[in-house]
Amino acid sequence: MDFYKGNVLRIDMSTKTATVEPLNMEWAALYVGGKGLLFRYMWEYVPPMVDPWAPENPLFLMTGPFAGTNVSTTSRLVVGAKSPTTGILNDSYVGGSFAPEMKFAGYDAIIVVGKAVEPTVVTIRNDVVEFVPAKPKYWGMKTSEIEQALRDDFDAGAKTLSIGPAGETLNPWACLSTDQYHKAGRGGHGALMGSKNLKAIAIRGTGSVTVGDARAFLSDMERIHREFVLTDDNLWAHEEGTPILVDLVNGAGAMPTRNWSEGYFEGAKNLNSESFQKIRVKKRACYQCAIACRNVHAVNWHGARVVGEGPEYETIALGGANCGIDDIDALMKFNEECDQWGLDTISTGAVIGLAMDMTEKGIHDFGVRFGEGEKYVEMPGLISRKEGVGAELSLGVRRLCAKYGAPELSMEVKNLEMPGYDPRGAFGMSISYATSDRGGCHMRTYSVGDEILSGAVPAATMEGKVEGAISNRPPDFISQNFSSIKFCGIWCDFWAVNPLQVSQMLLHIYGRELSEDEVMLIGERVWNLGRLFNLREGVEADTLPKKLYSEKFAHTSGPSAGQAIGEATWADSLRRYYELRGWDAKGVPTEAKLSELGVDVRLPAGR
Amino acid sequence: MPHVMISRKKCTACHMCELACSLYHEGAYRPSVARLRSECNPTTTEIKGFTCLQTACAKCQEACPEGAIETRVVTLEPEGAFDSAAKFEGVSAGHVLVVDENKCSNCGDCYDACPYGVIHEHPERKVAYKCDLCDGTPQCIVFCQNPHVLAIDLKIDKADREPVTRA
């Protein structure tokens with residue numbers, strides 16, 4: 001079979017057994033791979049209403065059809081599960097080289113169920129799966145240590161997916177790491193893996209991925225890279241990377257600052273692209289990607305060299321501006337600490353910013369205030385070990401706010417802390433956060449591209465934003481429907497693919513040319529399937545912290561001062577969103593919509 | 001004679017070269033049998049490239065008891081951008097070392113002799129396989145495509161511009 005391997009590896013941690021099942025090709029035809037195929041497998045294999053912490057709640061690793069080929073940016077892996085943090089679906093994407101190695105080992109997907117009696121490492125060499133005790137050696141290791149240990153002990157060429165100590169203590173925003181700096185960050189998959197007593201999966205594959213006519217495919221890829229990938233539209237990611245966003249987003253008053261109390265950070269110039277270029281030492285790439293966006297930076301922190309890839313914009317925003325930190329050395333150290341302990345930087349920055357805010361406001365003294373770099377870099381370790389103030393901070397933003405009676409400070413959606421764009425400076429992000437299938441996330445529809453980066457549409461209006469969030473109108477707007485097909489691919493955002501390019505790539509899989517409408521329809525099918533899953537499992541109302549839309553809480557200073565969506569407009573926007581989606585007033589997709597899209601599952605009666 | 005080299009300073013370890021190499025030679029993406037290698041420690045981000053230097057090294061040829069590694073003329077038609085492109089003006093052919101699979105007994109002497117670890121036993125065919133510059137159009141160079149990277153170069157030694165036949 002071309003592109004797909006046709007195999008799903010099912011690992012049961014409870015019984016220490018591994019079995020191989022054929023990939024469901026009917027689902028692959030409907031949902032392509034990546035996000036779509038993940039959702040279909042989740043629908044089938046997640047027991048309805050399962051307690052996310054229960055051993056029966058599976059962790060899914062899904063590849064895209066192009067993983068293991070030389071199609072740029074498509075080496076990404078999607079880690080999926082019913083998240084123990086949010087209680088709804090969470091699809092978290094990560095680059096690096098794990099997904100291609102899965103394909104070379106013979107698998108399109110890996111499903112992990114059960115819970116091992118003792119901490120365990122799973123090693124996979126092609127069709128040989130072994131369960132290795134993680135104690136005493138591996139349990140407790142930081143992420144770079146576990147990776148190196150498994151390269152030394154198992155296979156020098158092994159690719160690993162592991163948790164740091166934060167995953168072992170079941171931190172609700174513990175992430176999965178691969179190739180050290182690459183994280184499936186959001187939604188607490190690290191905690192889910194930790195709850196299964198699974199420290200790491202190490203995989204080595206020596207097989208192949210076929211693509212039909214090899215020479216013809218190779219020749220087409222040369223053209224596609226030249227015409228579509230290595231263009232000015234994408235090479236900014238190589239030359240500057242996401243720190244380029246700092247000045248732009250801050251300049252629009254949309255950079256979350258001091259726990260979302262402001263939208264403009266006066267210290268941002270110390271954390272902008274120019275500042276990072278001064279400490280840049282080299283470029284790295286994900287597997288099979290010609291763009292090579294990974295910037296390696298180096299600084300000194302108390303006499304010790306801190307070297308690593310990143311930080312990316314979101315880390316700069318949440319770990320920098322949102323904590324009032326303008327010291328690039330401290331930010332680099334924070335990034336390294338989060339990487340090593342295995343914490344998502346967005347949620348970590350959000351919770352530290354909150355603790356600083358509560359301390360400043362006198363709500364509770366966490367011993368750390370805005371801008372205190374020395375104390376702040378200690379927090380990821382304290383949080384991961386649940387030590388000192390870290391024990392409380394590891395509750396996460398929502399539960400911490402509930403505990404101290406300050407719900408108005410809780411900057412999250414569906415218990416996922418929001419990333420680095422304040423909707424008061426980019427109105428479209430309001431609908432993006434509120435209706436995202438995994439909670440407070442910027443990756444499903446990204447209005448910032450048009451509102452701030454290109455400036456193609458005005459930022460301080462809701463006009464056209466709901467339409468844009470759903471489908472590609474205006475055409476450059478990254479919409480939910482389009483990101484859904486894109487994450488089936490799994491294309492990275494740094495190849496700014498459009499429906500036409502997606503169609504040209506899918507031609508190789510389907511053997512026929514899909515119209516742009518058909519491409520978008522697959523995306524909409526995937527989005528609706530995700531909605532059904534969330535409804536089945538019980539999802540909170542689609543909403544946003546009031547601060548971000550109400551007239552009463554507009555910023556009083558900075559470039560976005562005085563801008564507010566307004567309560568009436570916000571309510572109307574949500575209504576319009578459901579209407580345009582073909583969903584009823586409660587956000588349930590109608591039968592007509594599901595039939596039109598060819599979604600092959602239905603909600604059970606009564607859900 | 002002509003051979004490819006990976007610059008460890010420029011290489012980003014995207015492995016596009018290995019992927020293209022394997023697809024060209026094996027008809028499938030299979031980097032574990034690529035004819036060249038880029039190794040990266042993901043934590044330190046240190047990168048090392050391993051490529052065959054062809055007749056400029058020829059340790060495999062010297063070690064082979066069967067005379068199975070032949071010096072062959074290859075017509076050079078490099079495509080894509082690479083640093084030394086200008087040096088190939090007017091150079092139409094060069095020599096590469098090629099395994100004659102009929103003669104190879106898979107004794108392994110060349111595997112031990114190769115200083116760069118770029119000649120191996122093929123997992124199915126059970127004979128040695130190595131870089132042959134893709135019949136004159138090295139695919140690793142074609143796919144080291146990012147204009148800001150161009151980590152793979154096609155090299156040619158001055159002394160080797162005239163065809164040389166080693167014993």
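**View 1. Where domain 1 of chain A meets domain 3 of chain A.** Here 32 residues of domain 1 of chain A are in contact with 25 residues of domain 3 of chain A; two residues count as in contact if their C-beta atoms, placed from the backbone, lie within 7 Å. Helix H2 (34-45), strand S4 (77-82) and strand S5 (89-94) of chain A each bring at least two residues to the domain 1 side. Helices (H or I, at least four residues) and strands (E, at least two) are DSSP runs, numbered from the N terminus. H2(A) has the largest share of that side, 7 residues.

This is a predicted model: local features need pLDDT of at least 70, side-chain atom pairs count only at pLDDT 80 or more, and totals for chains, interfaces and linings use all residues. Residues are numbered from 1 along each chain as its sequence is written, while chains are lettered from A and ligands numbered from 1 in the order in which they are written.

**View 2. The domains of chain A.** Chain A splits into domain 1 (7-204), domain 2 (241-405) and domain 3 (428-597), with bounds from an automatic or database domain assignment. Taken over C-alpha atoms, the centres of domain 1 and domain 3 of chain A are 27 Å apart.

**View 3. Chain B against chain A.** Look for 27 residues of chain B in contact with 34 residues of chain A. Helix H1 (16-26) and helix H4 (139-143) of chain B each put at least two residues on the chain B side. H1(B) gives the most to that side, with 6 residues.
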